[in-house]
Structure formats: C-alpha cells, structure tokens
Amino acid sequence: MNAFDRSFERKEAVQKSAEILRDMGTAFFPLDVYELLSAFGKQINLVPYAMLRKNAEPKPEIETEPKVSPQMMSKDGFCTRVPDALFQYGNEYVEGSIWYIYYNDTAWESRIRFTLMHELGHITLSHHHRLHADTLTGMDNSPEYKAADRQADLFSINLLAPAPAVYRILKEHGFSYIKQKADWQLTDPHAPFLRNLGSVPNPEVLVMTAFGLSQPAANIRLKELTSELEVWKQIDPKLYMLAENLPFRAGWFCWVCHTRRRTTSAYCPGCGKGLHYEFKDFGKFPRPVMGLRDNGQFEFCSVCGNKDYPENAKFCPICGNPVVNECENAVQTDGDFIRSGMEIIRGTHRCRPGDIYCGTCGVLTAFGRKHGPRENMWLSTLSGDRCRIIGTNYPEIIPTNEGKLLECPVCRSSKTMRDGRYCAECKQLLQNVCVYDGKSSHSCGANDRYCCICGKPTIFYQSGWLPEYTDTNEFSKLRKAEKHSVKGQTPRLMIQPNGEICDI
C-alpha cells in the first residue's frame, strides 16, 4: 500500500457512508439518491449532460456558477466546487462551498445512481480541498487522484449497498461464501426466505434488485463483501446495526398477479398459484395489512374500518363485508387439482384480511367469494376505494339502553307492548332483525345495518332509519386521516469545509 492509499483509506469511506445513512434517516433500500442530494439544498446542484449539449445551462441563482467546457466532461460525470460562496439555504443565506455535479443522463439508471454517489463521496471526503482543486477532471495521471477516486468508489458502493445489509439478504436466502471457490453458494436449503419458493435464487440478481445496482457493481460487491465486512466491524457498532437492519422494498412477488409472497404460505394469496415467484422492486411498498384478533377476526373491517362487532361476528354490522376470512367449506376437485387428481378439504384454514385465495390450500376464501378474484377491494380503484389502514367507531343513530330502544324510530313514542317488541302507539316492530327471502332470520343490534352472522341487510337499514356508512362524519374523518402523509420530511444537511456534515 502506497502513501496515497493510506491517506485515502477504506475505513474512512465506510465510516462516512454509514454516517450519511444515519443522518438522512434512511428508511429502506434501494436508497433514494435524489432525495439524499436534495437534503443539501442549493449547496449541491445536479446538472445533466443534456443541458450542456444544448448550450442551455440552467439560469444560475448564484453568480458564481462555474463555466463548463466540453473538455471537462468525463464518461459518467464530474463535480466542480465554488469555494467561499454565499448560497441560500431555506430562508437563510449561508457562507461556504457549493458544488455542481454534472452527470451523463443517457446512462442506465443504476449507473447514474452510482455516479451521483461517487461524486458525493468526493465532496463529503473533502477531496477537492485535499487535492487543492476546484474540479478533479484532467487529473487521471495523478497517483493521489487515483487513490481518491478509489475511495469515492468505496464510498458509493457502501452507501448504496452497505456490506452488512448485503450479507443479511444473502444469509436470509441460505447463501454462504465458499473460500475455496471464491463464490457465494447455497449452503442452507432450509433458509426462511426459501420456504415455498420453488427455485434457487441468483445472489447477483438479489443484490442488483434489492439495492438498485448495475450487474458489474453487484458482481464487485459480492467479490469484496467479506473483506468489506471486516472494515464495517471496525466502526461504531450502532452504525453497523443500522445498515444491517434496514428493510428492503424489493421482494418475491407472484409472476401471475404480482402479489407479495408469504414465506409461510404454499400458495399465492392473490391468485392461488404456487411456486411461481420473481424477485422484483415495483418502486413502492405493498399495501399495509391489518392484523387479526386472537379469535381470527380482523382488527377492524377492511372496507368501512368499523372496530365494533361481537366476538361471534363473521360479517361487519356496518357494511356487511366479512370480518373473518376462511376457505370455502367443501370437498371437491377443481382448477389445477383436476389435472393431478388430487382432492382438497376446504374450510379448515383462517386467512389474513384481503386474501383472495387460501395460502395453505390454494382455494377461494370468503373474502374472495364476496368480491371476486378480480375485484379485490384491497386494491386501489378509479373511485378511490382502498383498503383500510386504520379503524374507527361508528356512533349509535338509534339510541338504546342495554340493547333496547329508548323510543320508536317512527313516532318517537316510548310506550311499548308485547315485552317491548312493538310500539304501543303505531305498532311498529322495535326489534331489528335481518331479512332473508322476506323472512326474518337473526336478531341484530338496533344500529346494525347488516347481520353479523349471515351478512344480510336488517329491516332497520332497509327502512331508511340508518344512513349509509359512507355518508357519516366518521367515515369522512377516516378517509381524511388515511390521506394524511406519514412520510417524514427530508432533513436539512450542510457540508462544512472539512467535509463534516451537520444538521441545520
């Protein structure tokens, strides 16, 4: 190792990348590089090559914007510094250096991501200051620049794909490093993520997809992972754990219906198929799913958000949708099972909210039968319907006391007859029941729109005494609460002359 390699060491690059992951409050991988750079405000400015080719650079908000000539342009990108500048940061003007990152916008997105973080490495590792240059282009033959460029590469790969996070995803899929073969191979066929997968994943594809890397970058990451882990173990253990435990947006999805795979289920809950999955990143997290009560009921209704129903309820008394999801109760052959001649027993499995098919046996669920496999009410529609992510309580419209009406909903009389079942004035039935084929079936609560046993509408609801749940203030508040963004604000960061990053 020469003097320059010791000056621009690997540990410094790893430490700085881990600190930025912490300071940015990174929530998941792949890293949002544009949001990260926006945290520095006008101190770091992005300029695509397309703007330079058209000779139409953006109008500078700062008079000290550098002049760029075509000779300065490298294949992927470069960075220029304007020292001792006054730049606007929010409502304040701050004194310090500003940088312009120019990048090749015709490259693959994965290459652009790496380039942008490489240039950020030059900035945060103070390479311009240490090399006494406002731009690092044209220094390719300098040994000191080559060492700094290698350090910027190390910074970029450890920011985009930290070694602890890469090691974790490989271990979850049963891979270990075989030193004799210098390769990552499957050594644990019973690893958690391999359950019900049906195929052996490719470690290179896992890393490319989970972290948004190009194939060459993913290949280098795998080859150098073991040595990089040793460096990570030398820094603050809290930073190591932070990088190791960050979640991945990518995952295994059904190639038929794109439902996220459940490792404990042999069949896809979206379409009933099994062992047909692809590792994908669709650019967003799957829709959140509420949990189950101890008795298998939903925590709240998946359609109207109602949280109030009895322990024996199978349907929501507010909207009539299932609050228990289970397989159909039958013994027969159908679908893929006809070809194999297999018989399956249904009705023995409780399923999660929103499952169209049972993950245990692959047959249609109560929720799937209610709404249809292609009309899953957990998915977004043009009308704006969506799954509930929080619950609510709907108030009583008809006042009661221990389940009994305080007054007749028609004439408002409090006088009753026949053990309180009828109004003494207008002879109106005061007991709410569900209606099936014109006949009463089950006794229901006075404010139940639907029977919680069979899901049929009640006579009080059909008589118009109970309004549609969508017309209530509670449902309006529920929708407004769900539209409220829970995404945290991007932190405001500033780079000091020595490369240290502070929060302002």
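**Salt bridges, count.** I looked up the salt bridges in this predicted model and found that the structure holds 10.

**Glu-228 and Arg-10.** I began with the salt bridge between Glu-228 and Arg-10, whose closest N and O atoms are 3.2 Å apart. I placed Glu-228 in helix α11, residues 225–232, and Arg-10 in helix α2, residues 10–23, so this pair ties together parts that lie 218 residues apart in sequence. I then checked accessibility at both ends. Glu-228 has a relative accessible area of 0% and is buried. Arg-10 comes out at 27%, which counts as partly exposed.

**Arg-111 and Asp-76.** Next I took the salt bridge from Arg-111 to Asp-76, with 2.7 Å between the closest N and O atoms. Arg-111 belongs to helix α5 (residues 109–124), while Asp-76 sits in the loop between α4 (49–53) and β2 (77–89), so the pair ties together parts 35 residues apart in sequence. For Arg-111 I read a relative accessible area of 37%, partly exposed. Asp-76 is at 18%; the cut-off for buried is under 20%, so Asp-76 counts as buried.

**Lys-233 and Glu-230.** The cut-off for a salt bridge is 4 Å, and I kept the pair on the list. Lys-233 counts as exposed at 54% relative accessibility. Glu-230, at 44%, is partly exposed.

**Asp-448, no salt bridge.** I then turned to a charged residue without a partner. Asp-448 is buried yet forms no salt bridge. I found Asp-448 in the loop between β17 (439–443) and α15 (459–462).

Which side chain of opposite charge is nearest to Asp-448? I got Arg-449, at 7.4 Å.

What lies 2.9 Å from a polar atom of the Asp-448 side chain? I found the backbone nitrogen of Gly-445 there.

I listed the contacts of Asp-448 last, leaving out residues up to four places away in sequence. Asp-448 touches Pro-317, Asn-432, Thr-458 and Leu-466.

Glu-228 is buried and has a relative accessible area of 0%, and Glu-228 forms a salt bridge with Arg-10. Asp-448 is also buried, but has no salt bridge.

Key:
Residues numbered from 1 in each chain as written. Predicted model: local features only at pLDDT ≥ 70, side-chain atom pairs only at ≥ 80, totals over all residues. Heavy atoms only, no water. Helix = DSSP H or I, 4+ residues; strand = E, 2+ residues; numbered from the N terminus. Buried < 20%, exposed > 50% of the residue type's maximum accessible area, 1.4 Å probe, protein only. Lys, Arg positive; Asp, Glu negative; His and termini not counted. Polar contact = N/O pair within 3.5 Å; in protein donor to acceptor, adjacent residues only side chain to side chain. Contact = heavy atoms within 4.5 Å.
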